[in-house]
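Okay, thanks for coming, everyone.

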Amino acid sequence: ELQKVILKNNIAVVYMDKEDYQKAIAILLPLSLDKNVIPNADIYARVFDNLGYSYFKIGNPKALDYLNKALSVQKKEGNNFGMAASYIHLSKYYQNKNTTKTIDYAQLAYRKSSEINSIDDRISALALLIQNSVGNESKKFSLIHLHISDSIKKVRQKAKNNFAKIKYDSKIEKEENLNLKTQKIEDALQL
C-alpha cells in the first residue's frame, strides 16, 4: 500500500511539472488523508509539500498551512532533502508577497542543498536569490550560478564522452569477436 502511495505522489509530481495543478491536487488531497501516509513522516511531508505547492500555484489560501506543516515534519525528522525542497517552495510562495522572506527561504534552501550536494536544488535556490536580490548581492549569486552551471556542463560533457568511448569500444570488440568466430569457422571448414 505504501508503494502505491509513493507512486501516486510521483504521478502528482508529473502533473505539477506539466503545470496541471488541479489534477495534482485531485491525487494529493486523498493521499493527505490516507491512513498509510499519516504514520510515515517522510511520505506525509512530501505529500503535504506537493499539495501546498499545488494550492499555491492555483492561488488557494490553504497553501501556506500545508507548506509550513511539511517543513515542520521534515525538520523534526531531519529530512535534509525534504527541507531543501520545502524552502524552495516557501521562497516561491513569498516571491511576490514578501521579498525578505523570499530571500531568507532561498538562502536556507541554498545552504541545505549545498550541505547535501543537491545540484538541482542549489541552482533553483540561486535562481530565486538572483531574481529577488539587488545590486552586488544579485551579482554575487549570478557568478556562483554561472560557476555551478559551467561545472555541471563540463561533468555532463565528460560523461557523454565516456559513454561514447565505451559504446565505440564495445562496437569494435563485437566486430573483432565476430571476425574471430568467422575465422575459426573458416579454419574448421578447411580441415
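I'll start with the whole chain and then stop at a few residues.

First, some housekeeping: this is a predicted model, so to speak of local features we ask for pLDDT of at least 70, side-chain atom pairs count only at pLDDT 80 or more, and totals for chains, interfaces and linings use all residues. Residues are numbered from 1 along each chain as its sequence is written, and side-chain values use heavy atoms, with hydrogens and water left out.

So, what is the chain built from? There are eight helices and zero strands, where helices (H or I, at least four residues) and strands (E, at least two) are DSSP runs numbered from the N terminus. Reading along the sequence you get α-α-α-α-α-α-α-α. The chain is more spread out than a compact globule, because its radius of gyration is 24 Å, well over the 16 Å that the globule rule gives for 191 residues. That radius is taken over C-alpha atoms, and the rule is 2.2 Å times the number of residues to the power 0.38. Along its principal axes, the C-alpha trace spans about 85 × 50 × 30 Å.

How much of the chain is buried? Buried residues are 36% of the 191; buried means under 20% relative accessible area, exposed means over 50%, and partly exposed is in between, with a 1.4 Å probe and protein chains only. Now contacts, meaning heavy atoms within 4.5 Å. Take those between residues at least 6 apart in sequence: 51% of them join residues at least 24 apart.

On charge, the chain carries 30 positive and 21 negative side chains, and the centres of the two sets lie 5 Å apart. Lys and Arg count as positive, Asp and Glu as negative, while His and the chain ends are not counted. Each charge is placed at NZ of Lys, CZ of Arg, CG of Asp or CD of Glu.

Now for some individual residues. Find Ser113 in helix H6, residues 99-115. Is Ser113 buried or exposed? Buried, with a relative accessible area of 0%. Its side chain reaches the backbone oxygen of Ala109 at 2.7 Å. Leaving out residues up to four places away in sequence, Ser113 touches Ala84, Ser118, Asp121 and Arg122.

Next, Lys92, which sits in helix H5, residues 80-94. At 29% relative accessibility, Lys92 counts as partly exposed. Again not counting residues up to four places away, Lys92 touches Tyr53, Phe56 and Leu128.

Gln3 is in helix H1, residues 2-17, and is exposed at 57%.

Last stop, the loops. Most residues other than glycine have a negative phi. Which way does Glu19 go? Its phi is positive, near 65 degrees. Glu19 lies in the loop between H1 and helix H2 (21-32), and is exposed at 62% relative accessibility. Asn117 has a positive phi too, near 60 degrees. You'll find Asn117 in the loop between H6 and helix H7 (119-132), exposed at 53%.

Notes. Polar contact = N/O pair within 3.5 Å; in protein donor to acceptor, adjacent residues only side chain to side chain.
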